[in-house]
Amino acid sequence: MPVAASAIYFLNLRGDVLINRLYRDDVGGNMVDAFRLHIMQTKELGTCPVRQIGGCSFFYMRISNVYIVIVVSSNANVACAFKFVVEAVALFKSYFGGAFDEDAIRNNFVLIYELLDEIMDFGYPQNLSPEILKLYITQEGVRSPFSSKPTDIPVPNATLQVTGAVGWRREGLVYKKNEVFLDIVESVNLLMSSKGNGLRCDVTGKILMKCFLSGMPDLKLGLNDKIGLEKESQLKSRATKSGKTIELDDVTFHQCVNLTRFNSEKTVSFVPPDGEFELMKYRITEGVNLPFRVLPTIKELGRTRMEVNVKVKSVYGAKMFALGVVIKIPVPKQTAKTSFQVTSGRAKYNAAIDCIVWKIRKFPGQTEPTMSAEVELISTMAEKKSWTRPPIQMEFQVPMFTASGLRVRFLKVWEKSGYNTVDWVRYITKAGSYEIRC
């Protein structure tokens, strides 16, 4: 259910109402008194941004020295309410030159009232795009003397963009060279036991795009996801030679994606915004290809010595390589001296984090560098407590590799003028929380 806000209030830190707007008649005009009495005066502002008083719910957020409070009398979508507040503040800042505080509100009463009437109708959020609203609300706000001059480019054909489905892209764009850059960036999250069993393993990914295309192009992206390939084979009435397929979980799209076509054809079709944006996010929980295998061996030799041996095997192809690889091997706090032998990279002891830090600037695929260390510990008279071994942690970045196996099968660009485009696709896998117990 949408927000269905009954009222919105802007308060200063003392609780004085700077400006307010009632959208429904199901709450009284004195609801702000309940907020002041039960929340502000009891100093519970930092405990929870959602409070219920009587039969109404209060959603509030502090921006600079202003509290924005939304009052609802029915069950509403809290995330949508806070998203509305964030977008509304961004809109106000675009009019006020980047400032949003008590002074900016006092200097722009008329403009704020006009914007509040446009961005919410009967309690339901409407268009909050600054580029679109500035086409027909042309009044300029009182800007801070430290704010920069506006650089917004006038957008033609306001009616089409306000009422149509392409409010995120303006018409009339022209580029000498039409290019599309697509990055698939993934983060690997791993927790492995000392016996080599995976306790937790998943991949979170996002597809980032940067488009420099003329006109109003229609793009179609094909991935090797299982559902999309099965749907394509059904439409073609024949089997599709696809190789490995993957199952995407928790997929979220940018607003430009045509969800109707995705639900029916399982293809990602969209009219892209100009410049850089995030097309989609996803998660993978099965069939994860780990880029590294870590084989640690730690031996405690009495109370004053330890031997540490760590072997790291790169599983990706021999022609590929990882950059900025860092392996952090924990050691006890009473470490006095360390000595190392590494077959690749450099290692040193970092007393601030109680770890041996092994760095490899460039890590080729299908290799197995090793690190051997002798650790001398300080002998203490106190009773020795068993050392709880923290996990080994890794940081890395592997270009042209995806742990999920996701691949771009095609990227088609159609525009009525029929120009040619240059497509650039890049894959990057990074370490999220990559931990191996030892």
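**Reading buried and exposed residues in a predicted model**

User: How should I read V110: is the residue buried or exposed?

Analyst: A residue is called buried under 20% relative accessible area, exposed over 50%, and partly exposed in between, with a 1.4 Å probe and protein chains only. V110 has a relative accessible area of 61%, so V110 is exposed. V110 is found in helix 4 (residues 109-119), where helices (H or I, at least four residues) and strands (E, at least two) are DSSP runs numbered from the N terminus. Please keep in mind that this is a predicted model, in which local features need pLDDT of at least 70 and side-chain atom pairs count only at pLDDT 80 or more, while totals for chains, interfaces and linings use all residues. Residues are numbered from 1 along each chain as its sequence is written, and side-chain values use heavy atoms, with hydrogens and water left out.

User: How much of the chain counts as buried, and how many helices and strands does the chain have?

Analyst: Of the 438 residues, 42% count as buried, and the secondary structure comes to 8 helices and 23 strands.

User: Which residues of helix 1 are buried, and where do they lie around the axis?

Analyst: Helix 1 (residues 31-40) has M31, V32, A34, F35, I39 and M40 buried. They are on the same side of helix 1, because they cover an arc of only 160° around the axis, the arc being that of the directions from the helix axis to the C-beta atoms. The cover over these buried residues includes strand 1 (7-12), strand 2 (17-22), strand 3 (50-53), strand 4 (56-63) and strand 5 (66-72).

User: Which residues touch the most other members of the largest nonpolar core?

Analyst: In soluble globular proteins, nonpolar side chains tend to be buried together. A nonpolar core is a set of buried Ala, Val, Leu, Ile, Met, Phe, Trp, Tyr and Cys residues joined through side-chain atoms within 4.5 Å. The largest one here has 63 residues, and I207, M209, L221, F270, L279 and F292 touch the most other members. Strand 8 (residues 179-192) gives the largest share of this core, 6 residues. Apart from it lies another core, of 36 residues, which includes F10, V72, A104 and L116.

User: What does V268 touch?

Analyst: Contact means heavy atoms within 4.5 Å. Not counting residues up to four places away in sequence, V268 touches L219, K220, L221, F253, V257, F262 and L279. V268 lies in strand 12 (residues 268-270) and counts as buried, because its relative accessibility is 5%.

User: How many salt bridges does the structure have, and what does the one between K311 and E368 tie together?

Analyst: A salt bridge is a side-chain nitrogen of Lys or Arg within 4 Å of a carboxyl oxygen of Asp or Glu, and a search of the whole structure finds 15 of them. In one of these, the side chains of K311 and E368 meet at 3.7 Å, N to O. K311 lies in strand 15 (residues 305-314) and E368 in the loop between strand 19 (355-364) and strand 20 (370-377), so the pair ties together parts that are 57 residues apart in sequence. K311 is partly exposed at 32% relative accessibility, and E368 is partly exposed as well, with a relative accessible area of 42%.
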